[in-house]
Amino acid sequence: YHRRMTPEQAAPNLRRWNISLAALHAIQGVLILVLSTGFTLGITIPYMAGPPGSPIIGLDPVWEVPIAVFVAIFLFLAAADHLICALPGADRWYIGNLARGTNPLRWWEYSVSASLMIV
(Lines give C-alpha, C1' and ligand atoms only; values in the text may rest on other atoms or scores of the structure.)
Protein backbone atom coordinates (compact mmCIF):
# COMPACT_ATOMS: atom_id res chain seq x y z
CA TYR A 1 0.00 0.00 0.00
CA HIS A 2 1.36 3.40 -0.99
CA ARG A 3 -0.31 6.49 0.41
CA ARG A 4 -0.24 9.39 -2.02
CA MET A 5 1.09 12.64 -0.52
CA THR A 6 -0.59 15.98 -1.11
CA PRO A 7 1.55 18.78 -2.63
CA GLU A 8 1.61 20.46 0.79
CA GLN A 9 3.00 17.31 2.42
CA ALA A 10 5.55 16.93 -0.37
CA ALA A 11 6.66 20.60 -0.21
CA PRO A 12 9.95 20.05 1.68
CA ASN A 13 10.96 17.27 -0.71
CA LEU A 14 9.89 19.30 -3.75
CA ARG A 15 11.97 22.25 -2.56
CA ARG A 16 15.06 20.03 -2.23
CA TRP A 17 14.41 18.46 -5.63
CA ASN A 18 13.97 21.86 -7.29
CA ILE A 19 17.20 23.19 -5.75
CA SER A 20 19.07 20.04 -6.79
CA LEU A 21 17.70 20.15 -10.32
CA ALA A 22 18.46 23.87 -10.64
CA ALA A 23 22.08 23.17 -9.71
CA LEU A 24 22.28 20.17 -12.05
CA HIS A 25 20.89 22.10 -15.03
CA ALA A 26 23.16 25.08 -14.34
CA ILE A 27 26.24 22.82 -14.12
CA GLN A 28 25.23 21.10 -17.37
CA GLY A 29 24.84 24.49 -19.07
CA VAL A 30 28.29 25.61 -17.95
CA LEU A 31 29.84 22.30 -19.05
CA ILE A 32 28.21 22.57 -22.48
CA LEU A 33 29.75 26.01 -22.94
CA VAL A 34 33.17 24.97 -21.63
CA LEU A 35 33.35 21.76 -23.67
CA SER A 36 31.79 23.08 -26.88
CA THR A 37 33.71 23.26 -30.14
CA GLY A 38 31.99 26.29 -31.61
CA PHE A 39 29.87 24.13 -33.93
CA THR A 40 27.18 26.12 -35.75
CA LEU A 41 24.34 25.30 -38.11
CA GLY A 42 23.34 27.76 -40.80
CA ILE A 43 19.86 29.10 -41.26
CA THR A 44 19.08 29.92 -44.87
CA ILE A 45 16.19 31.47 -46.76
CA PRO A 46 15.29 30.14 -50.22
CA TYR A 47 14.64 32.69 -52.95
CA MET A 48 13.08 32.64 -56.42
CA ALA A 49 14.23 34.34 -59.60
CA GLY A 50 10.80 35.45 -60.74
CA PRO A 51 7.12 35.69 -59.82
CA PRO A 52 5.46 33.38 -57.30
CA GLY A 53 5.69 29.78 -58.46
CA SER A 54 9.10 30.27 -60.08
CA PRO A 55 11.69 27.69 -59.22
CA ILE A 56 13.88 28.28 -56.20
CA ILE A 57 17.34 29.12 -57.48
CA GLY A 58 19.32 29.65 -54.32
CA LEU A 59 19.60 29.94 -50.59
CA ASP A 60 20.75 33.07 -48.79
CA PRO A 61 22.49 32.45 -45.46
CA VAL A 62 20.80 34.42 -42.69
CA TRP A 63 22.49 33.35 -39.47
CA GLU A 64 24.88 30.78 -38.08
CA VAL A 65 23.25 29.28 -34.97
CA PRO A 66 25.77 28.50 -32.22
CA ILE A 67 24.35 25.16 -31.09
CA ALA A 68 26.20 25.00 -27.75
CA VAL A 69 24.94 28.46 -26.76
CA PHE A 70 21.33 27.48 -27.56
CA VAL A 71 21.63 24.22 -25.63
CA ALA A 72 23.17 26.07 -22.67
CA ILE A 73 20.42 28.71 -22.71
CA PHE A 74 17.84 25.91 -22.72
CA LEU A 75 19.50 24.37 -19.64
CA PHE A 76 19.82 27.76 -17.88
CA LEU A 77 16.09 28.39 -18.44
CA ALA A 78 15.29 25.03 -16.85
CA ALA A 79 17.65 25.86 -13.96
CA ALA A 80 15.95 29.24 -13.44
CA ASP A 81 12.53 27.60 -13.48
CA HIS A 82 13.52 25.08 -10.79
CA LEU A 83 15.25 27.76 -8.71
CA ILE A 84 12.23 30.06 -8.79
CA CYS A 85 10.01 27.14 -7.71
CA ALA A 86 12.26 26.70 -4.65
CA LEU A 87 12.51 30.35 -3.59
CA PRO A 88 10.79 31.32 -0.33
CA GLY A 89 7.40 32.80 -1.15
CA ALA A 90 7.42 31.49 -4.70
CA ASP A 91 7.48 27.94 -3.39
CA ARG A 92 4.12 28.50 -1.67
CA TRP A 93 2.66 29.79 -4.94
CA TYR A 94 4.18 26.78 -6.76
CA ILE A 95 2.79 24.28 -4.22
CA GLY A 96 -0.63 25.97 -4.29
CA ASN A 97 -0.72 25.65 -8.08
CA LEU A 98 0.35 21.99 -7.90
CA ALA A 99 -2.52 21.35 -5.46
CA ARG A 100 -4.86 22.73 -8.16
CA GLY A 101 -3.20 20.53 -10.80
CA THR A 102 -1.39 23.30 -12.68
CA ASN A 103 2.11 24.73 -12.98
CA PRO A 104 2.09 28.05 -14.86
CA LEU A 105 5.78 28.74 -14.25
CA ARG A 106 6.72 25.57 -16.12
CA TRP A 107 4.54 26.62 -19.07
CA TRP A 108 6.09 30.09 -19.14
CA GLU A 109 9.54 28.49 -19.25
CA TYR A 110 8.40 26.06 -21.95
CA SER A 111 7.07 28.91 -24.08
CA VAL A 112 10.62 30.25 -24.36
CA SER A 113 12.62 27.01 -24.34
CA ALA A 114 10.36 25.35 -26.91
CA SER A 115 11.06 28.25 -29.27
CA LEU A 116 14.78 27.55 -28.89
CA MET A 117 14.20 23.86 -29.64
CA ILE A 118 12.31 24.74 -32.82
CA VAL A 119 15.24 26.83 -34.07
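Trp108 comes out as exposed, with a relative accessibility of 52%; here buried stands for under 20% relative accessible area, exposed for over 50% and partly exposed for what lies in between (1.4 Å probe, protein chains only). The model is predicted, so local features need pLDDT of at least 70 and side-chain atom pairs count only at pLDDT 80 or more, while totals for chains, interfaces and linings use all residues. Residues are numbered from 1 along each chain as its sequence is written, and side-chain values use heavy atoms, with hydrogens and water left out.

Turning to the aromatic rings, the whole structure holds 3 aromatic pairs. For these, rings of Phe, Tyr and Trp (its six-membered ring) pair if their centres lie within 6.5 Å, and planes under 30 degrees apart are called stacked, over 60 edge-to-face and the rest tilted. One of the pairs is Trp93 with Trp108, which is stacked, at 5.8 Å centre to centre and 20° between the planes. Trp93 sits in helix H3 and Trp108 in helix H4 (residues 104-118), so this pair ties together parts 15 residues apart in sequence. Helices are DSSP runs (H or I, at least four residues), numbered from the N terminus. Trp93 is partly exposed, at 37% relative accessible area.

Trp107 and Tyr110 make an edge-to-face pair, because their ring centres are 5.7 Å apart and their planes stand at 85°. Both belong to helix H4, where a spacing of 3 residues puts about one helical turn between Trp107 and Tyr110. An α-helix has 3.6 residues a turn, so residues three or four places apart point the same way. Trp107 is exposed at 59% relative accessibility, whereas Tyr110 is partly exposed at 39%.

Back in helix H3 (residues 90-99), the buried residues are Asp91, Tyr94, Ile95, Gly96 and Asn97. Just past the end of H3, Gly101 adopts a positive phi of about 80°.

Then there is the greasy side of things. Ile27, Val30, Leu31, Leu33, Val34, Leu35, Val69, Ile73 and Phe76 together make a nonpolar surface patch of about 790 Å². Two or more residues of this patch come from each of helix H1 (7-35) and helix H2 (67-86), and H1 gives the most, with 6 residues. Patch members have over 30% relative accessible area and no salt bridge, with nonpolar side chains (Val, Leu, Ile, Met, Phe, Trp, Tyr) joined within 5 Å and like charges within 9 Å. A salt bridge is a side-chain nitrogen of Lys or Arg within 4 Å of a carboxyl oxygen of Asp or Glu. Leu31, placed in helix H1, is partly exposed at 44% relative accessibility.

Note on methods
Accessible areas come from the Shrake-Rupley method with a 1.4 Å probe; for residues, only the protein chains shown count as cover.
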